[in-house]
Amino acid sequence: QQELVESGGGLVQPGGSLRLSCVASLYNFDYRAIAWFRQAPGKEREAVSCINTRSGSTNYLDSVKGRFTVSRDNAKLTVDLHMSSLKPEDTAIYFCAARFSHFCTSDSARYDYWGQGTQVTVSS
């Protein structure tokens with residue numbers, strides 16, 4: 001069974017850090033694009049970051065550049081999102097998603113598998 005399972009969300013104060021993990025039980029894990037999306041209440045889902053599990057190349061949303069880092073461990077089939085200097089506007093449900101191609105895209109419709117999401121709340 002191919003599936004994605006996220007963990008690591010929670011409540012954090014502004015300026016704090018969190019690490020989200022996505023365990024991706026997928027065939028050919030090392031030939032995928034795996035992305036992190038987020039969706040805040042009343043807003044559209046947006047792509048936060050993506051990693052090409054084959055090459056390790058990464059993409060980031062402009063507003064998180066320099067604060068978020070995505071990494072993968074092909075042996076453990078995991079993709080982590082390290083988030084620092086968190087802001088209240090980072091509050092959202094965060095989802096990991098995977099597609100059959102190893103090329104990243106910010107178009108959520110091009111992803112074939114989705115996790116259930118994990119809540120991140122940044123508040124004092």
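Predicted model: local features only at pLDDT ≥ 70, side-chain atom pairs only at ≥ 80, totals over all residues.
The side chain of S21 is joined to that of D80 by a polar contact of 2.8 Å. When neighbours within four places in sequence are left aside, the residues in contact with S21 are V5, E6, S7, W36, V79 and D80.

Which order do the four strands of the open sheet follow? They are arranged as 1-3-8-7, and their pairing is antiparallel. Strand 1 (3-7) and strand 7 (68-73) stand at the edges with a single partner strand each, so that one side of each is left without a neighbour in the sheet. On average, and with direction ignored, neighbouring strands of this sheet are turned by 15° against each other.

Strand 3 is in turn joined to strand 8 by six bridges, the two strands running antiparallel, and here R19 stands opposite H82 in strand 8. In a regular strand, side chains alternate between the two faces of the sheet.

Strand 8 spans residues 78-83, and because five of its six residues are buried, the strand is largely enclosed by the rest of the structure. Six bridges also join strand 8 to strand 7, again with the two strands running antiparallel, and V70 stands opposite L81 in strand 8.

How many residues lie between strand 7 and strand 8 in their hairpin? There are four residues between the two strands, and L77, which lies in the turn, has a positive phi of about 55°.

The structure holds two disulfides. A disulfide is a covalent bond between the sulfur atoms of two cysteines. One of the links joins C22 to C96, with a distance of 2.1 Å from S to S. Because C22 lies in strand 3 and C96 in strand 9 (residues 92-99), this pair ties together parts that are 74 residues apart in sequence.

The torsion about the S-S bond of C22 and C96 is about 65°, so this disulfide is right-handed. Are its two cysteines buried or exposed? Both C22 and C96 are buried.

The link of C50 and C104 is left-handed, with -85° about the S-S bond.

The surroundings of the two cysteines can be described through their accessibility. C50 has 4% relative accessibility and so counts as buried, whereas C104, at 24% relative accessibility, counts as partly exposed. When the bonded cysteines are counted along the chain, the disulfides of the protein chain follow the pattern 1-3, 2-4.

Key. Residues numbered from 1 in each chain as written. Heavy atoms only, no water. Polar contact = N/O pair within 3.5 Å; in protein donor to acceptor, adjacent residues only side chain to side chain. Contact = heavy atoms within 4.5 Å. Pairing = 2+ DSSP bridges. Axes fitted to C-alpha atoms, helices over the stretch in contact; angles between N-to-C directions. Buried < 20%, exposed > 50% of the residue type's maximum accessible area, 1.4 Å probe, protein only. Disulfide = S-S within 2.5 Å.
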